[in-house]
Every structure is written in structure tokens, then in C-alpha cells.
Amino acid sequence: MNHSRTGGRGRSGGWQQADLPSADDAAGWFAGRLPNDLYTGAPTVTVDRDEIVVLGDIDAPDLPEGTDAAATEAAVSGRITRFREETRGARMALADEAQARYRRKVAWGARIGDTEVVFTNIAVPVMTRLRQDERRVLDTLVDAGVARSRADALSWAVKLVGEHSQEWLAELREAMTAVDDLRAKGPQV
């Protein structure tokens, strides 16, 4: 059995990712393949074992000076919706190409200032085993109305950790990449 990215040893993604092609070049592929006028600059391309998310800036709507916050928010929402509808055909054609190349779903998004909207990205079920103390945390979040279910509570908890640990998670990802690089340089057994 050939595990191309790791020489058959250890992680990169474990058995779930063993047959997936590398998507290390996805940002470059999208940069070269996207129409020049789709986004106002290079998009952010985020890849995991299930999905590729392409998120880029689009032009803000022209509004008169002094427009209130509610009208500005409505205009931004309308502009993002217009972008989604007007670019659907081109984005779906590129998604088909990318999905054939990388064997991952592609989600698209648009950003204007601080407002980001990702269109139809996937939610992937994740199996976990939790002990009673951990389940009680989830049940407390459900009972308090913070989450509708244990699954929602777990998703909320993961988002919270991600928001408060971005720097540490980035360092961890860099360290894992360094281990993968060293593993690839090692002897092939």
C-alpha cells in the first residue's frame, strides 16, 4: 500500500486521508484558475481532508456618506447575495474541476470588510467518545440554552477553543509540517 505523503508512516491525516491527493498547491491552482475579476485580490484558500474553502474580498457597495449602520449592513448583505448569484455558474464549473483534481468538496465565500459569508460549506459528522464529566459539560450547555443538542454544544466548544488558541494552533500546524518534511527526507523503509 502506498501512502504517498508520508512514505507509509505516521500521520498526515491517517488512514482517512491515505488515498487523497495532496492539496498543498490548491491556493496556487485557484490563483491561476480564477477569473481576474472574481475577487478584488487573491482569495484565502483553506484546505482540510474534506473540503476546500475559497474566500475572497469583493467590492463594497457605494453608499452616500453618513449612511447608518443598518442600511450599510443591508447593502453589504445584498452585495454578497448578488455576487453569489451572478458568479454561480463560473464558481460551480471551477468547483467541478477542483473536486476532480483534489477529491474534496469546494465551498465559496465573499468578504466585504468584516462581513464574511461562506456559501454551502459542508458539516462533517465526527465520532468521539466522552466520559461523564465531558458529557455533563455538553449537557449543561444544552440545558442552559446555549446549544440545541450535544452536537451543537461540541461544535460551539471547538469554535471557542479555536478562537482563543489561534496562535498556538498555528504553531502546532507548523510543527506538524516540519515533522512531515523530516519524515519525507528520512530513509524509505
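## Basis of the model

Because the structure is predicted, local features are reported where pLDDT is at least 70 and side-chain atom pairs only at pLDDT 80 or more, while totals for chains, interfaces and linings use all residues. Residues are numbered from 1 along each chain as its sequence is written, and side-chain values use heavy atoms, with hydrogens and water left out.

## Salt bridges

The structure holds nine salt bridges, a salt bridge being a side-chain nitrogen of Lys or Arg within 4 Å of a carboxyl oxygen of Asp or Glu. Side chains of opposite charge can pair when their charged atoms come close.

One of these pairs joins Arg-88 to Glu-85, with the closest N and O atoms 2.6 Å apart. Both residues lie in helix α2 (residues 69-102), where a spacing of three residues corresponds to about one turn of the helix; helices (H or I, at least four residues) and strands (E, at least two) are DSSP runs, numbered from the N terminus. Arg-88 has a relative accessible area of 34% and is therefore partly exposed, and Glu-85, at 46%, is partly exposed as well, given that buried means under 20% relative accessible area, exposed over 50%, and partly exposed in between (1.4 Å probe, protein chains only).

Arg-150 forms a salt bridge with Asp-139, and their closest N and O atoms are 2.7 Å apart. Arg-150 is partly exposed because its relative accessible area is 40%, and Asp-139 counts as partly exposed at 26%.

Arg-148 pairs with Asp-152, with 3.1 Å between the closest N and O atoms. Here Arg-148 counts as exposed, at 74% relative accessibility, whereas Asp-152 is partly exposed, with a relative accessible area of 28%.

## A salt-bridge network

Asp-57, Arg-111 and Glu-116 are connected to one another through a network of salt bridges.

## A nonpolar surface patch

Ile-122, Val-124 and Val-126 make a nonpolar surface patch of about 260 Å². Patches are made of residues with over 30% relative accessible area and no salt bridge, like charges being joined within 9 Å and nonpolar side chains (Val, Leu, Ile, Met, Phe, Trp, Tyr) within 5 Å; accessible areas come from the Shrake-Rupley method with a 1.4 Å probe, and for residues only the protein chains shown count as cover.
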